[in-house]
Amino acid sequence: MSDAATSRSAHPDRGVPSRGAHPDWGVPSRGAHPDWGVPSRGAPGTHSVAVVGAGKIGELLLSGLLRSGWPVGRLLATARRSERARELADRYGIRVLDNLAAVAEADVLAIAVKPQDAAGLLAEIGPKVPAGKLVVSLCAGLPTAFFAKGLPEGTPVVRVMTNTPALVDEAMTAISPGTYATGDHLALAEEMFAPLGRTIRVPESQQDAVTALSGSGPAYFFFLVEAMTDAGILLGLPRQVAHDLIVQTAIGSAIMLRDSGEHPVKLREAVTSPAGTTISAIRELEAHGVRAALLAALEAARDRAREIAEQA
Ligand SMILES: NC(=O)c1ccc[n+]([C@@H]2O[C@H](COP(=O)([O-])OP(=O)(O)OC[C@H]3O[C@@H](n4cnc5c(N)ncnc54)[C@H](OP(=O)(O)O)[C@@H]3O)[C@@H](O)[C@H]2O)c1
């Protein structure tokens with residue numbers, strides 16, 4: 001392995017920018033559909049946001065907004081259990097209210113309960129949601145029409161699907177408008193999620209596919225890293241060494257994919273020499289049907305999102 005390959009700076013022949021060289025580092029804009037547009041990371045907002053049902057994903061949103069400079073006084077949360085309410089208040093210094101108080105006070109309601117809890121929540125708060133208040137659903141599978149049924153006529157609903165890399169401000173969040181959501185409502189939802197990573201607008205009809213691909217996506221990569229670490233152990237590497245090798249390889253590969261603009265096939269071909277080691281491994285991946293397994297896995301995740309909606 002050459003020195004260039006092991007240093008942090010980019011390989012000079014690959015045209016991959018180094019961390020220092022890229023003026024927009026951390027503000028990715030590539031890959032968006034040209035008609036939908038992708039805003040850059042937003043400035044801290046002027047609206048108040050209540051995270052209704054602040055569990056894992058709700059907490060990711062709250063902590064990301066706070067890291068981005070969203071004023072603590074403009075963030076509220078609700079919780080079902082009093083211990084959870086205390087935990088959130090102690091950890092973030094935010095006010096944790098009951099659902100109806102949050103509904104009355106906040107400009108935006110970010111619904112972050114599990115899909116199976118959404119109907120119960122909607123029965124409680126739906127009739128009390130003041131007209132025109134923006135409802136942002138983070139719930140997998142549930143269409144905006146599901147919320148519209150329990151909300152006053154004309155309530156704008158925006159559906160988002162984010163993912164857990166929000167924890168490190170590298171989320172992928174897809175945003176779709178419901179019937180009454182305007183461009184301003186979408187822009188406000190983007191302002192909330194842009195600090196957590198990257199946002200993209202998609203038609204709502206694509207949200208179940210988004211859920212399968214990027215919503216659940218981090219789990220597939222963690223699964224792959226776990227399996228590759230095991231493979232390293234099989235080849236005689238200590239677990240920690242195997243883990244470090246594959247995690248940095250994943251980070252480097254992801255940054256190349258994001259920033260080089262090259263098709264993944266081209267990037268893979270660049271490390272696949274004739275009669276070399278990589279092609280031997282690729283042959284095994286193909287022989288074991290890894291590509292077909294991924295297609296089937298994502299289809300199953302998409303179908304499960306549809307089932308969740310039917311059961312809610
Ligand atoms: N986890 C992910 O990777 C991921 C990714 C994208 C989207 N999502 C979506 O995000 C949503 C939340 O998922 P999660 O993993 O964060 O679940 P979670 O950790 O269970 O969080 C949901 C929270 O809502 C609370 N809650 C339930 N009903 C309530 C009510 N009526 N009033 C107030 N609080 C209530 C729950 O209280 P208890 O603590 O008492 O249960 C829990 O703390 C889901 O709809 C999921 O589809 C998740």
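In this predicted model, the ligand is surrounded by 26 residues, of which the closest are G53, G55, I57, C139 and A140. Two elements, α2 (56–67) and α5 (115–125), each give two or more residues to this shell around the ligand, and it is α5 that gives the most, with four residues. Sorted by class, the shell around the ligand consists of 10 nonpolar, 10 polar and six charged residues.

The strands come next. An open sheet is formed by eight strands, which follow one another in the order β3-β2-β1-β4-β5-β6-β7-β8 with mixed pairing. At its edges stand β3 (95–96) and β8 (197–201), each of which pairs on one side only. Strand β7 (residues 171–177) runs parallel to β8 and is joined to β8 by five bridges, and within this part of the sheet A174 stands opposite I200 in β8.

| Helix pair | Distance between axes | Crossing angle |
|---|---|---|
| α9 (residues 217–234) and α10 (residues 239–260) | within 8 Å | roughly 135° |
| α8 (residues 207–215) and α13 (residues 290–311) | within 8 Å | roughly 130° |

For the pair formed by α9 and α10, whose axes cross at roughly 135°, the angle makes α9 oblique to α10, and α9 passes α10 in a right-handed crossing. The contact brings F221, V225, M228, T229, G232 and I233 in α9 together with R239, A242, H243, L245, I246, V247 and A250 in α10. By class, the residues of this contact of α9 with α10 comprise nine nonpolar, three polar and one charged.

For the pair formed by α8 and α13, the axes cross at roughly 130°, which makes α8 oblique to α13, and the crossing of these helices is right-handed. Here D208, A209, T211, A212 and L213 in α8 meet L298, A301, R302, A305 and R306 in α13. The contact of α8 with α13 is made up of six nonpolar, one polar and three charged residues.

Conventions:
Residues are numbered from 1 along each chain as its sequence is written. This is a predicted model: local features need pLDDT of at least 70, side-chain atom pairs count only at pLDDT 80 or more; totals for chains, interfaces and linings use all residues. Axes are lines fitted to C-alpha atoms, for helices over the stretch in contact, and angles run from 0 to 180 degrees between N-to-C directions. Angles under 35 degrees count as roughly parallel, over 145 as roughly antiparallel, 65 to 115 as roughly perpendicular and the rest as oblique. A crossing is left-handed if the near helix is turned anticlockwise from the far one by less than a right angle, and right-handed if clockwise. Two residues are in contact if their C-beta atoms, placed from the backbone, lie within 7 Å. Ala, Val, Leu, Ile, Met, Phe, Trp, Tyr, Cys and Pro count as nonpolar, Asp, Glu, Lys and Arg as charged, and the others, Gly among them, as polar. Two strands pair if DSSP finds at least two bridges between them. A residue is near a molecule or strand if its C-beta atom, placed from the backbone, lies within 6 Å of it.
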